[in-house]
Amino acid sequence: MAALLEVDDIHTYYGDAYVLQGLSLGLGDGQILGVLGRNGVGKTTLVRSIVGFNPPRRGTILFKGEDVTRVSPVGRVRRGVGLVPQGRRVFPTLSVEENLIVAGRRHGGWDLARVYATFPRLGERRTQRARSLSGGEQQMLAIGRGLMTNPECLIMDEPSEGLAPIIIEGLWQTIGKLRDDGLSILLIEQNASLALKLVDYVHVLSKGRIVYSGHPKELETNEEVKSRFLGI
Amino acid sequence: MGAHFWLIQIFNGISYGALLFLVGSGLSLIFGVMRIVNLAHGSFFLLGGYIALSVIAATGSWELSIPAAALGVAILGVGLERVFLRRVGFDVLRQVLLTAGFAFLFQQAALDIWGGDFMNITPPAALTRSVVVGGLYLPLYRVFMIALAAAIGLLLWLVLERTRLGAAIRATVDDAEMARGVGIDTQRISVVVFALGAFLAGLGGVIGGAFLGVYPGLDFEILPIAFAVVIIGGMGSLGGAAVGALVVGLANNLGQALFPALAYFTLYAPMALLLAVKPTGLFGRE
């Protein structure tokens, strides 16, 4: 079976820096695929390649079998690629509800009511400006906003960054539930031990290449990869 | 100088500010959303006046000349944005050179088409009378300017704050890349905003043509004043444009009345002062 999202041998530059040096991966339906690695190995550049902010110079990206390598970010969102970016990047001057509305698509299963049911906290704060939310609430909003685009695949870049353990625990439950409801998720994380609790399969990134792939259980016991590439 | 004098000066300042709001709000929106420093904005103002004069000459209708001039300038703005500005992207130097080039081009074109004479737009007789309020004779046309600017301001506020399109525009101001990342077509937003800004400048040109006149050079006289409005109020803020327009309008009128020799000083001193103290303007974002 072909993967929902297929990244095939992409080479991406960030300015003059040659960041992704021939990276391939495939995200299957209803799966959480983890991409782990230390700071600066190209995780966020991978995200930017997939959503179209930094298209790769070489290689192809297929979504549902269609070549989207040269499709604009807006075109990719419309085809079903959702983004929860690093640093959350909610629209600070917009209210919670406006943040969700501007991302809303007419067709699909996600609307305001469903986002508020998933994150009751956002419903309570719907008229507040996004900049006044706590870090955890902003992360919920970033996820809710991504869901409002009705994605078939959600790219999450460092969702645990800067959040308290108790908040992360709730977040992880929600992400797991989204997967159980059929959403495919690409989870980019620097915090490997956290990510391993959640993902179905994992790639480890170093210097713009995948250096290890396996099931989380296998990686748990692979001390060499863990200490060499993940610092644990 | 009694209370009478002051009240008339303040009224005149507010009505001039109303005109400046039309020009400044468009300039401010264009910069806030698109990060474009539009040096052709004064040309939009002047062309609005000239188009209105042609429409009045052809049809005799002042009422018709207002939407015709505003829409005509808006269409010109869309063409400028789609064909030229979109290509230069976010490079400020290239934007400045491009829009300044077009400002000179429009100036020469206007001179070739409409000649170099000072012209005036004559509003209907009903608007040339005065009303007496509390012993003050207020020219009805200036009252009309204030009412129009207030109505336009309210309409803009409603669109920006109460509609999905307005929220998408504000999201684009906040973070354009992320806006694209949630499916907002920021190119479409840019066209809408540039057209709106040009529309408002063209509208200002018709309205202002009745008391500033329409003549070669008006474009480069109104441009720095519009920038003063935007700099004082803060780029990209509608409320800021309103406050900036009032400040500049009042400073200009009171300055001319009190120290005629220092008129330019009283006009631009508030701007220089604010730039030194709060470079983002009164309501601008960091």
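**Exercise 1. A hairpin in chain A**

Find the hairpin that strand 4 of chain A and strand 5 of chain A form, and say how many residues lie between them.

*Solution.* Start at the turn: two residues lie between strand 4 of chain A and strand 5 of chain A in this hairpin. One residue to look at in the turn is A:Lys64, which has a positive phi of about 50°. Keep in mind that you're looking at a predicted model. Next, check the pairing: strand 4 (residues 58–63) and strand 5 of chain A run antiparallel and are joined by two bridges. Finally, pick out a facing pair: A:Phe63 has A:Glu66 of strand 5 of chain A opposite it.

**Exercise 2. From hairpin to sheet**

In what order do the strands of the four-stranded open sheet of chain A lie, and which strands stand at the edges?

*Solution.* Strand 1 (residues 5–14) of chain A is joined to strand 4 of chain A by five bridges, and the two run antiparallel. Here A:Glu6 stands opposite A:Leu62 of strand 4 of chain A. Step two is to read off the order, which is 2-1-4-5, with antiparallel pairing. Step three is to look at the ends: strand 2 (17–27) and strand 5 (66–67) of chain A each have a single partner strand, so each is left with one side that has no neighbour in the sheet.

**Exercise 3. The six-stranded sheet**

Work out the order of the six-stranded open sheet of chain A, and say which strands stand at its edges.

*Solution.* First, trace the order: 6-7-8-3-9-10, with mixed pairing. The edges go to strand 6 (81–84) and strand 10 (209–214) of chain A; each has a single partner strand, so one side of each lacks a neighbour in the sheet. On average, and ignoring direction, neighbouring strands in this sheet are turned by 20° against each other.

Now zoom in on one pair. Strand 3 (residues 32–36) and strand 8 (residues 184–189) of chain A run parallel, with five bridges joining them. For A:Val35, the bridge partner in strand 8 of chain A is A:Ile188.

Last, look at what covers part of the sheet: helix 6 (residues 135–148) of chain A lies across strand 6 and strand 7 (153–157) of chain A. That helix runs at about 170° to strand 6 of chain A.

**Exercise 4. Helix pairs in chain B**

*Solution.* Which two things do you need for a helix pair? Two packed helices are described by the angle between their axes and the distance between the axes.

- Helix 3 (residues 62–88) and helix 4 (residues 92–114) of chain B pack at about 150°, with axes 9 Å apart. In the contact, B:Leu80, B:Phe84, B:Leu85 and B:Val88 of helix 3 meet B:Arg94, B:Gln95, B:Leu98 and B:Phe102 of helix 4. Sorted by class, that gives six nonpolar, one polar and one charged.
- Helix 2 and helix 3 of chain B pack at about 135°, with axes 8 Å apart. The crossing is right-handed here. Contact residues include B:Phe44 and B:Leu47 of helix 2 and B:Trp62 and B:Leu64 of helix 3. The contact has 14 nonpolar, five polar and no charged residues.
- Helix 1 (residues 3–34) and helix 10 (residues 238–258) of chain B pack at about 140°, with axes 7 Å apart.

**Exercise 5. Where the chains meet**

How many residues does each chain give to the contact, and which element of chain B gives the largest share of its side?

*Solution.* Count by chain: 20 residues come from chain A and 15 from chain B. On the side of chain B, helix 6 (164–174) and helix 7 (176–181) of chain B are the elements that give two or more residues. The largest share, six residues, is from helix 6 of chain B. By class, this side has six nonpolar, two polar and seven charged residues. As for confidence, the predictor gives the complex an ipTM of 0.94 and a pTM of 0.90.

Methods
Residues are numbered from 1 along each chain as its sequence is written. Chains are lettered from A and ligands numbered from 1 in the order in which they are written. This is a predicted model: local features need pLDDT of at least 70, side-chain atom pairs count only at pLDDT 80 or more; totals for chains, interfaces and linings use all residues. Two strands pair if DSSP finds at least two bridges between them. Axes are lines fitted to C-alpha atoms, for helices over the stretch in contact, and angles run from 0 to 180 degrees between N-to-C directions. Two residues are in contact if their C-beta atoms, placed from the backbone, lie within 7 Å. Ala, Val, Leu, Ile, Met, Phe, Trp, Tyr, Cys and Pro count as nonpolar, Asp, Glu, Lys and Arg as charged, and the others, Gly among them, as polar. A crossing is left-handed if the near helix is turned anticlockwise from the far one by less than a right angle, and right-handed if clockwise.
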